[in-house]
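Here is a short report on pockets, surface and loops. Look at the chain first, then read on.

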Amino acid sequence: MDNSSESIDFPPWAMAEWNITFAARDLRISADLVLKPYSLNLTGWAFMALMYDSTPLSQTYLGKSFGIGRASAGSVIDDLENKGFVKRTITDEDRRVRLVELTASGKKTVLELREVQEELSNTFMDGISGDERRQLNSILQKLRRNLKNIPEHLKQILEKGE
């Protein structure tokens with residue numbers, strides 16, 4: 001069976017939700033293909049891209065920036081450190097705080113991937129005007145805000161899998 005959204009007859013009220021889901025999946029698949037030669041995933045790449053133009057950042061800050069916990073951020077950083085893309089240092093002010101920064105290899109990889117990312121972005125945004133991009137961004141931000149406000153009783157239903 002074809003898994004594309006074009007082959008499934010969705011009710012009109014569900015089309016937007018499914019198109020968002022399929023677009024996110026397709027974007028993730030494309031990103032994974034681009035990042036595979038670098039042995040990176042999308043989260044690792046996002047961490048590296050954020051660090052490129054910054055002074056050393058704390059592990060906690062990196063996690064919060066992408067909406068993941070400290071432990072999950074630590075796992076991503078462990079992986080990047082094992083690949084030689086980042087290094088961690090302990091601050092003199094507070095030995096519990098670990099700062100993370102790109103190595104020379106990490107900086108070189110970010111520069112290479114920025115070119116590839118730009119090409120990928122141009123491909124998936126082809127035919128979409130600047131105004132449409134701004135409108136899409138605004139709508140997606142609203143959707144994300146709304147999703148953070150799911151009522152408690154719905155959260156409980158979702159957690160039970162009902």
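Ala, Val, Leu, Ile, Met, Phe, Trp, Tyr, Cys and Pro count here as nonpolar, Asp, Glu, Lys and Arg as charged, and the others, Gly among them, as polar. By that sorting, the lining of the largest pocket divides into 23 nonpolar, eleven polar and seven charged residues. The model is a predicted one.

**The largest pocket**

The volume of the largest pocket is about 1,700 Å³. Its lining is made up of 41 residues. A23, A24, L27, F124 and L140 lie nearest the centre. Four helices each supply at least two lining residues: α1 (15-35), α2 (42-52), α5 (104-124) and α6. Which helix gives the largest share of the lining? Helix α1 does, with 14 residues.

L143 is a residue of α6. Is L143 buried, partly exposed or exposed? L143 has a relative accessible area of 32%, so it is partly exposed. Membership of a patch requires over 30% relative accessible area, and the 32% of L143 passes that cut-off.

**Partly exposed residues**

| Residue | Location | Relative accessible area |
|---|---|---|
| L143 | helix α6 | 32% |
| D78 | helix α4 | 37% |
| S72 | helix α4 | 41% |
| S39 | loop between α1 and α2 | 45% |

Partly exposed covers the range between buried, under 20%, and exposed, over 50%. D78 therefore counts as partly exposed at 37%. S72, at 41%, is partly exposed too.

Helix α4 runs over residues 70-82 and holds D78. How far apart are the C-alpha atoms of D78 and R88? They are separated by 9.4 Å, with the two residues ten apart along the chain. S72 also has its place in α4. S72 and T60 are twelve residues apart in sequence. Their C-alpha atoms are 10.0 Å apart in space.

**The loop between α1 and α2**

S39 lies in this loop. The phi angle of S39 is near 55°. That is a positive value in a residue other than glycine. S39 is partly exposed, because its relative accessible area is 45%.

Terms used:
Residues are numbered from 1 along each chain as its sequence is written. This is a predicted model: local features need pLDDT of at least 70, side-chain atom pairs count only at pLDDT 80 or more; totals for chains, interfaces and linings use all residues. Side-chain values use heavy atoms; hydrogens and water are left out. Buried means under 20% relative accessible area, exposed over 50%, partly exposed in between (1.4 Å probe, protein chains only). On a 1 Å grid over the protein atoms alone, a cavity is a set of points where a 1.4 Å probe fits but cannot get out, and a pocket is an open set with protein on both sides within 12 Å along at least five of seven lines; lining residues have an atom within 4 Å of a point. Grid points are joined across faces, edges and corners, and a volume is the space filled by probe spheres set on the points.
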